[in-house]
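Trainee: Before we talk through the labels, could you bring up the model, so that I can ask how each one was reached?

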Amino acid sequence: MDSWLTFSDFNAIYPDSGLTEPQFTQLAADAVFSIMEATHWRANTAADEDSLAQLRACQARLVHLAEGMDTGWDGVTSVSNHGYTESYASGTDQQNYLQQRQRQIIEQTLSAPATRWMLYQGGVYHPPRRR
């Protein structure tokens with residue numbers, strides 16, 4: 001599975017995006033890996049059009065998020081105007097924020113009825129009773 005989303009589909013959804021095709025390819029591959037990891041590789045078995053459409057939408061949102069992180073994140077966490085002090089986030093803070101937003105996007109997008117089966121909801125093993 002390379003990708004559910006093509007570069008032309010992404011440009012149709014986000015026409016103001018400034019990504020080139022090689023940049024898109026890398027971000028799309030990262031998005032596929034994030035989706036696969038979150039669904040415990042169940043997304044790879046999706047075959048119906050509703051599921052594939054949800055996976056394309058999820059991948060597009062993840063690529064758009066990653067694109068915005070490259071350009072929109074200035075790293076400033078707090079500013080004090082009186083003495084002019086700025087605090088900056090570390091690279092791990094940015095990575096943690098990105099991972100948290102990715103999980104939120106995946107859960108929001110794939111919690112639709114057509115794709116809810118992909119998300120692990122937890123389970124409890126009940127062994128057979130002793131007789």
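Trainee: Why does Phe33 count as partly exposed?

Mentor: This is a predicted model, and in it Phe33 has a relative accessibility of 46%. Buried requires under 20% and exposed requires over 50%, so Phe33, at 46%, counts as partly exposed.

Trainee: What makes the pair of Phe7 and Phe24 tilted?

Mentor: The structure holds four aromatic pairs, and in the one formed by Phe7 and Phe24 the centres are 5.4 Å apart and the planes make an angle of 55°. Stacked means under 30 degrees and edge-to-face over 60, so an angle of 55° leaves this pair as tilted. Phe7 belongs to helix H1 (residues 7–13) and Phe24 to helix H2, so the pair ties together parts that are 17 residues apart in sequence.

Trainee: How do you know whether Ser34 is buried or exposed?

Mentor: Ser34, which lies in helix H2 (residues 21–38), has a relative accessible area of 13%; this is under 20%, so Ser34 is buried. Leaving aside residues up to four places away in sequence, Ser34 touches Leu62, Gln102 and Ile106.

Conventions
Residues numbered from 1 in each chain as written. Predicted model: local features only at pLDDT ≥ 70, side-chain atom pairs only at ≥ 80, totals over all residues. Heavy atoms only, no water. Helix = DSSP H or I, 4+ residues; strand = E, 2+ residues; numbered from the N terminus. Buried < 20%, exposed > 50% of the residue type's maximum accessible area, 1.4 Å probe, protein only. Contact = heavy atoms within 4.5 Å. Phe/Tyr/Trp six-rings, centres within 6.5 Å; stacked < 30°, edge-to-face > 60°.
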